[in-house]
Amino acid sequence: MRRQNAAGWLLHDVKNRGVTAWLLFAALTIFYILIYGYRGGAMEPIANVFHGLMGTTSSSPDQWAKTLIFFLPENLVDRWTLYGFLYSVAVCTGGGWVIWKYRHNRYQIVRTSVVIFVQVAFGFSIPHILKFFQQPDYYFSYFWPLKFEYFQPSYIASHPGWLVFYTFAGSLVLVPVMTVLFGKRWYCSWVCGCGGLANTFGEPWRHLSTKSSWSWKFEKVSIHTVLALSVVTTAMWIVPSLPGVNLVEGTTAYAVITWVRSAYALVVVTVLCGMAGTALYPIGGTRVWCRFACPMAAMIGLMQKFGRYRIRVKRDMCISCGMCSKYCEMGIDVRAYAQANFSFTRASCVGCGLCAEVCPRGVLRLENVSRKDPQELNMTALVDESWKGQHSSVGSRT
Amino acid sequence: MNIVIIGNGVAGITCAQVARQRDADARITVVSGETDYFFSRTALMYSYMDLMSRRDLEPMERSVYRKQRIDLVRDWVVDMDASASTVKLGSGSTLPYDKLVFAVGASPNMFPWKGADQIKDGKVHFVSMQDLDDCERLTKTSKQAVVVGGGLIGIELVECLLHHGVKTTFLIREPYYWPMALGREEADYVTEHMRHHGVDVRLEEEMTQIQVDAAGRVSGVVTNTGETLPCQMLGIAAGVKPNVERIKAFADAPELGRGIKVGPTLETNLPGVFACGDCAEIHYPGQERPLTELIWYSAKRQGALVGGNLFGDAAEYAPPLFFNSSKFFEVEYTTVGSVMDAPDNAPTLYRKLPGKYMSQRIVHDGERVIGFNMLGSRWNHEILERWIHERRSAEWVEKNLRSAQYDVEFGRAPLHKHDVQAMPLNKEWP
């Protein structure tokens, strides 16, 4: 039952797909159309509908950015600076609130602090500092397959060696090693900007993810499809610039390659990742992109299945209350595992730790299983029933 | 085989699911007058506080019942005919059975307080879905509430009322909160924690009279100190008892005591008729006192046992080492083994972390550990159980306590910084 006062109504309405939630969804969608509707972009015609109503043009957002971010040199500032700035502000304020809300939980404090730091430093400041010194604006917190342009031969040829080294070492060594050791959470809920926004600004809507078994089936198909498409698209970027390959404009091969590249950029990168992922917060929950479409999440999710990370379930202690499932942003029915005494690793789990936080019986624990785990039970103790009759539990118990 | 289960709580549904695993062809019918689908009673408070919707309380997708072919009937069972093997439903229809399971749960205790018979509205319990309906309806017109009964359901109801801005007084008859389970030291700081949240906690105060207004709505209660506490809602959370009232009216009924009397296999005196969960009163040969376990975990275990015994397993119910957990506002609680049934003045090792609502109590008998009461941090009861089974000494357990900690990563409670002290268990209840 919601609280009785006006604030209670608003809070319930905006968090539970009420009128205000739909209004917020509409506002976010328009915001994204304006941001992505730049001159020459695929979104421009739709953006121009709104610009027509406002008497502005598709280049106006760059001007707004220069006005609002007056404290940075004008040549550094465009609409993406404004977006990055707003994004960072949302992560910082939402993150501050999340840290306060879960101040009794050190995992949440540490994780949220790191995610705020990564956004402010690697997601916003460092790329702009690099730009200021006329360096390439490299995002250190993104790896393949989120950033596959870094792997193009032409990009490699034109960038400093240490950046190229970071690109390869990051994607080929750091990502798999970290994922096997700690699960995909090290990235999805500690580093990634999308996850960072979801776990800070998006906190009020995390429970909206659907938990149906149908959505799980859909998720497995959709996310791995996108992963496959990202592999194909990466090849489309690399192959044409390999030595000996001479792609001529006007040929069918050329047309197919450019079409695939731009279709992926529009559908996956712009619409699904850039726009829908965030605009859908008030309607579909915070991790729609991460759960159904992110190729990085798909890839490290598969690695996670073979790694050490798991959610541990304490035997027989679950009361099936369902808070864990309700507050799982990835739509995992955690309760189904907990009430069956089943410690588990799901590919989609981003290790945000909220299931363990909201569990009123302390049943769940995120952990990296080590071979020296002191908590593994030995069977001798379990079959020793000599305690029986010593302090019998016969009697009334409530 | 035709199996009829009365009650769709955790005992009944667990029983139905185990029965289905045993026999793919049995006809399984679950009858409940309370709700269409099994829901988690323990999560009522989260729905009341808007943290979950009603639908979220259901532990399984509804399609599960169809897939497992468990027929759900929404009705009350009003009578049974043991010789014809039928039960009669409120709608007038009858259901034949080969095996019958009572999993009817428990209902709240109500005592003959002065004025209680005048109440037409304003009194709530917090056990059933209908109770939640009542609570939500009454909250809208209540500014003050009184909750009677110093146990788990009481503190949950208090937390919900406070969440909705209702000024709440918590009347606890005993000298400290929940003496059934907590030592004085723990109870004192749980009380402090409640007061910190704005609860008006009254220890050693009892309700002596209930006042109602002209319309019969509760308007106040008088306590044994003579004080009148105005309130528009009165929560009664003075424990629960096996739900046998309806069964008493049956033409044929299994033998009843405080609950439904069953033997160690959970079968009643009527062949093929079983009882499990809160309603079962288990009699063991040679033991004077029967066992009634009114908790979630036992209901689940007993339901599973009956699910097999329907098919002739004849497995006897032996309760494992006791464990339980709970949460008092933000303070988490884990108990294992003997604390409340330890002898009076049993030696314990006790550690309170200063400035925190966090403590550990290791109960022992001088030689070996027999129980644990842990508050404010998380513990793996499986390890604590093992130490009891292994007959570890209190000193050994204290030295190794760290390996049973279950706190979140980075958040391990800092035990090593504070010493334990020897302290006898203070049992101040009759």
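Helices and strands here are DSSP runs numbered from the N terminus, with at least four residues of H or I for a helix and at least two of E for a strand. The model is predicted, so local features need pLDDT of at least 70 and side-chain atom pairs count only at pLDDT 80 or more, while totals for chains, interfaces and linings use all residues. Residues are numbered from 1 along each chain as its sequence is written, chains are lettered from A in the order in which they are written, and side-chain values use heavy atoms, leaving out hydrogens and water.

B:Ser325 has a relative accessible area of 1% and is therefore buried; buried means under 20%, exposed over 50% and partly exposed in between, using a 1.4 Å probe and protein chains only. Leaving aside neighbours within four places in sequence, B:Ser325 is in contact with residues of both chains, including A:Met317, A:Arg361 and B:Tyr333. Contact means heavy atoms within 4.5 Å. The side chain of B:Ser325 also makes a polar contact of 3.2 Å with that of B:Tyr297. A polar contact is a pair of N or O atoms within 3.5 Å; within protein, one must be able to donate a hydrogen and the other to accept it, and residues adjacent in sequence count only if both atoms are side-chain atoms.

Now let us turn to the interface. Chain A brings 61 residues to the contact and chain B brings 75 residues. About 6100 Å² is buried between the two chains, with carbon and sulfur atoms giving 49%; this is the accessible area (1.4 Å probe) that two parts lose on being put together, summed over both. The rule finds 3 salt bridges across this interface, where a salt bridge is a side-chain nitrogen of Lys or Arg within 4 Å of a carboxyl oxygen of Asp or Glu. A:Lys326 and B:Asp56 meet in a salt bridge at 2.5 Å, N to O. Several elements of chain A each supply at least two residues to the side that touches chain B, among them helix H6 (106-132) and strand S2 (364-368). S2(A) gives the most, with 5 residues.

Finally, here is chain A as a whole. Chain A has 19 helices and 3 strands, and 50% of its 398 residues count as buried. Along its principal axes, the C-alpha trace spans about 85 × 60 × 40 Å. In helix H8 (residues 161-182) of chain A we find A:Val177, which is partly exposed, with a relative accessible area of 44%.
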